Amino acid sequence: MPAEPPQIIIQELTTYSELMDVQRLENLIWNEPPIPLHQTFTSIQNGGLILGAYINETLVGFSYGFAGFKNGKSYLCSHILGIHPEHQEKGIGAHLKEVQRQKSLELGYSMMTWTYDPLESRNGYFNLSKLHAICRTYVENCYGDMMDALNSGLPSDRFKVEWWFNSPFIEEKQQIDVRNEKSPFQIEITEKGLPKLMDVTSTLERILKNRTIEQILVPVPINFQQLKKEDFELALDWRLKSREILQTLFDNGYVAVAMKKKKKENVVNDYVLVKEDLIQEPRVF
């Protein structure tokens, strides 16, 4: 008989010793200075929330969020989530997000927000298609120049997602018909077998002239980190062209609601953008 998978226990972290364990895990995951204890401890006393994921009483993952307020709306800003390298791909991140949602509701929040790199299609699928968050805010070079391996050398552009806990649209989003249509944005394959976005500006002009388009597919590389490793200039080209596409579409009333996965032999996945009229929640950002 195969061994039973270890049970994952999620609990709220409130003591200095627990927060020190979080710091040690931060160092292990990112090899960077951790968030100061005085900051995290003050946050959880003032509307913030830190959760720990344990296997056999050992901390293997955590999420940290603090109270946010803008334009008359309060929300939880989910700042960071990390999983021990030996325990990734076990569903711990999804488990943490679900408990984070439940605890946020108990604290009185109706929405949670966080950021991620829009060119990381794996994160896009998790955040939009699995968790049913939405995005209509593109932040250019959000964190300035970052020196870690994932971000070094490129502008740190980010999607700022909204996860509305009680939105009818988000509750029912899995019923949205993601049509089997092609993206209007053309892709060519380079000599290295990598995808390259072509004529973006004129494609956007055609889209904006046709006010009846309700759904648009926007391609992003399936594996952006591998593309960046093989062709840095192409990675920068993707950053700048996708920025133009997504900023323009958001500014013209479109919202990213899902990530359409393609077959393994493909080199891009597609964001699904729809008209903002379908979203019933007010704008916060």
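A cavity, on a 1 Å grid over the protein atoms alone, is a set of points where a 1.4 Å probe fits but cannot get out. In this predicted model, the largest cavity has a volume of about 30 Å³, a volume being the space filled by probe spheres set on the points, with grid points joined across faces, edges and corners. Local features need pLDDT of at least 70 and side-chain atom pairs count only at pLDDT 80 or more, while totals for chains, interfaces and linings use all residues. Residues are numbered from 1 along each chain as its sequence is written, and side-chain values use heavy atoms, leaving out hydrogens and water.

**Largest cavity**
- One cavity of 30 Å³ or more is counted.
- Leu 19, Val 22, Gln 23, Glu 26, Ile 35, Leu 37, Thr 40 and Ile 50 line the largest cavity; lining residues have an atom within 4 Å of a point.
- Helices α1 (16–30) and α2 (37–44) each supply at least two residues of this lining, and α1 gives the largest share, four residues. Helices (H or I, at least four residues) and strands (E, at least two) are DSSP runs, numbered from the N terminus.
- The lining has five nonpolar, two polar and one charged residues. Ala, Val, Leu, Ile, Met, Phe, Trp, Tyr, Cys and Pro count as nonpolar, Asp, Glu, Lys and Arg as charged, and the others, Gly among them, as polar.

**Packing of α1 and α2**
- The axes of α1 and α2 are 10 Å apart, at an angle of about 125 degrees. Axes are lines fitted to C-alpha atoms, for helices over the stretch in contact, and angles run from 0 to 180 degrees between N-to-C directions.
- α1 is therefore oblique to α2, as angles under 35 degrees count as roughly parallel, over 145 as roughly antiparallel, 65 to 115 as roughly perpendicular and the rest as oblique.
- Tyr 16, Leu 19, Met 20 and Gln 23 of α1 make the contact with Leu 37, Thr 40, Phe 41 and Ile 44 of α2, contact meaning heavy atoms within 4.5 Å.

**Second largest pocket**
- The second largest pocket holds about 280 Å³ of space; a pocket is an open set with protein on both sides within 12 Å along at least five of seven lines.
- Its lining has 13 residues, of which Glu 181, Lys 182, Ser 183, Lys 262 and Asp 270 are the closest to its centre.
- Strands β10 (215–221) and β12 (268–275) each supply at least two lining residues.
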